[in-house]
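Grab the viewer and work through them one by one.

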Amino acid sequence: MCGIAGVVFKDKKLHPVGKFMTRMLDALQHRGPDSAGFALYGGLGLREHEYLLNIEVKEKPGLLENVKSTVNTAFQIESEEIIPSVENYIIYRCKVNLESFSQLKPLIMDVDKIEDVIVLNGAHSFEMIKDVGLVKDIAARYNTEDKMGTHAIGHTRFSTESIVDRYHAHPFQSYIIPDITVVHNGQITNYWKIRDPLERKGHIFETDNDTECIVHYIADKLSQNYSLEEALEQSVKDMDGPFSYIVGTPNGVGIAKDQLGLRPGVMAENDEVFAIASEEVALREVMDTSDIEQISPGETRAYTI
Amino acid sequence: MQEFKINAQQKTSRELNRAIKKAAPENDRIIIENPNAMHYIAAGLTESVELVIDGSAGYFVGTMIHGARVHINGNAGWFPADNMTEGEVIIDGSAGDGVGQGIYGGTVVVRKSVGSRTGEIMKNGTIIVGGNSGFMSGLFMMGGRIIILGDISEDAGESIIRGTIYVGGDIKSLGKNAKIEELEEEEKGELRELLEGYDFHLEEEKYQNFRKIVPRSARPFYGQESEEGK
């Protein structure tokens with residue numbers, strides 16, 4: 001199953017989006033106890049070429065220094081933070097200044113070559129927080145409830161397709177264009193049919209997880225100047241299987257549901273907020289839900305600010 | 001009238017259902033406060049009690065009830081009244097997919113629109129939807145009646161075997177083994193009586209526009225229709 005949620009504050013101003021998404025995901029905790037994650041947009045406040053890296057590093061003598069050295073060799077680390085270990089791994093967060101977005105993925109791949117190190121993500125306009133365990137525990141470890149932003153997506157995971165670890169927790173991210181994220185509930189049964197043409201175009205897959213396939217697909221469409229709505233509509237035609245997923249972009253969120261309607265999706269909207277989720281119980285955390293709408297089979301919804 | 005209130009706040013579904021079942025034999029009406037769209041409310045309730053859920057319910061509200069009358073002052077998630085054998089589930093708001101899935105008897109009423117696969121594999125009983133109903137409504141329906149006052153979406157009555165789907169609005173497309181028929185005057189009268197009883201007051205023109213979806217064959221996949229006594 002898995003729980004998915006998304007919220008947009010329509011006024012484009014900063015709101016305690018971390019707190020709201022924590023509540024939404026906690027309400028969906030019963031849908032997946034394995035891991036959880038957030039993509040919180042709009043609150044990082046980075047300058048034009050600044051990027052935040054989240055790197056999982058095993059607690060081993062000298063390894064963190066090796067990571068810092070690798071990053072510093074290419075680009076200067078501007079600031080750093082360490083999230084303490086829970087399973088012999090720490091999360092090392094650092095801010096770097098790149099000349100262009102195209103340098104981000106090569107940097108990540110260089111760091112990934114170090115044994116017992118994996119880059120969880122690199123971002124400019126959103127903060128990725130994902131980990132194994134329960135929503136409230138993760139939120140407490142990463143001070144998620146203090147994070148401000150304009151919109152967010154989130155996920156509670158019930159693992160079916162791949163191992164349970166931080167990297168395979170959702171959201172997944174694509175580096176085809178900046179800051180596209182996806183959370184997903186379901187399976188893409190024509191996975192290879194979607195993946196093959198993307199790989200032939202040069203898009204790099206890091207896992208065999210079908211959610212990564214979705215995020216690359218959507219990012220590829222957006223890179224071809226599809227609007228978010230158009231990319232979602234085309235994805236429903238091209239992808240098979242039971243699924244509903246939510247996409248996060250620097251400007252909004254959207255949801256798509258498979259053509260047989262085998263996974264849930266509901267939405268509610270008022271003058272201030274647009275919210276989508278697996279179940280009403282999550283929407284209730286951000287608004288009065290006297291009127292909710294079911295997302296129909298094959299339907300998509302999106303809101304951009 | 002003996003009335004009893006249960007606050008669902010801080011309770012798990014199991015704890016709430018245990019409290020409902022304990023209170024049901026000694027009360028005429030039970031009110032559930034702060035339901036917060038919780039799943040499985042009133043699962044397996046077999047007392048003839050009135051249960052008022054003061055807010056929204058989650059998945060499988062009223063599943064497998066026998067004789068209880070459940071009134072939801074909000075919305076419901078997927079599969080309300082699933083496999084109900086006798087009783088009533090009334091939802092003032094909207095509902096998700098699979099409303100009345102597999103019911104053997106009783107009545108489900110949803111005042112607003114519902115999701116997909118309404119009344120799938122239902123064997124008997126009645127489902128009334130005040131708004132629209134989605135994809136594959138009446139999927140593998142084996143008996144009973146579904147009444148949709150609004151529109152019905154694609155593949156209506158997909159693989160329907162028995163039973164009738166009455167539609168007041170547009171029918172987007174029919175599923176396999178489904179066909180459309182006009183209503184007899186007697187049927188319109190029965191519909192009027194039933195709907196008035198649940199506070200749906202329609203203009204006469206609406207009754208004239210009702211059509212019904214019925215099976216083409218009672219044995220569409222294998223066997224002989226003569227085995228059905230026809």
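Chain B and chain A bury about 1,300 Å² between them, with 43% of that on carbon and sulfur atoms. Buried area here is the accessible area (1.4 Å probe) that two parts lose on being put together, summed over both. This is a predicted model, where local features need pLDDT of at least 70 and side-chain atom pairs pLDDT 80 or more, while totals for chains, interfaces and linings use all residues. Residues count from 1 along each chain as its sequence is written, chains are lettered from A in the order written, and side-chain values use heavy atoms, with hydrogens and water left out.

**Exercise 1.** Work out which residues form the salt bridge between chain B and chain A.

Step 1: apply the rule, a side-chain nitrogen of Lys or Arg within 4 Å of a carboxyl oxygen of Asp or Glu. Step 2: across this interface, that gives one salt bridge. Step 3: the partners are A:D291 and B:K112, with their closest N and O atoms 2.7 Å apart.

**Exercise 2.** Find the salt-bridge partner of B:R192, and say where the two sit.

Step 1: B:R192 pairs with B:E204, closest N and O atoms 2.6 Å apart. Step 2: B:R192 is in helix 2 (residues 185-197) of chain B and B:E204 in helix 3 (residues 204-209), 12 residues apart; helices are DSSP runs (H or I, at least four residues), numbered from the N terminus. Step 3: B:R192 is partly exposed at 27% relative accessibility (buried is under 20%, exposed over 50%, partly exposed in between; 1.4 Å probe, protein chains only).
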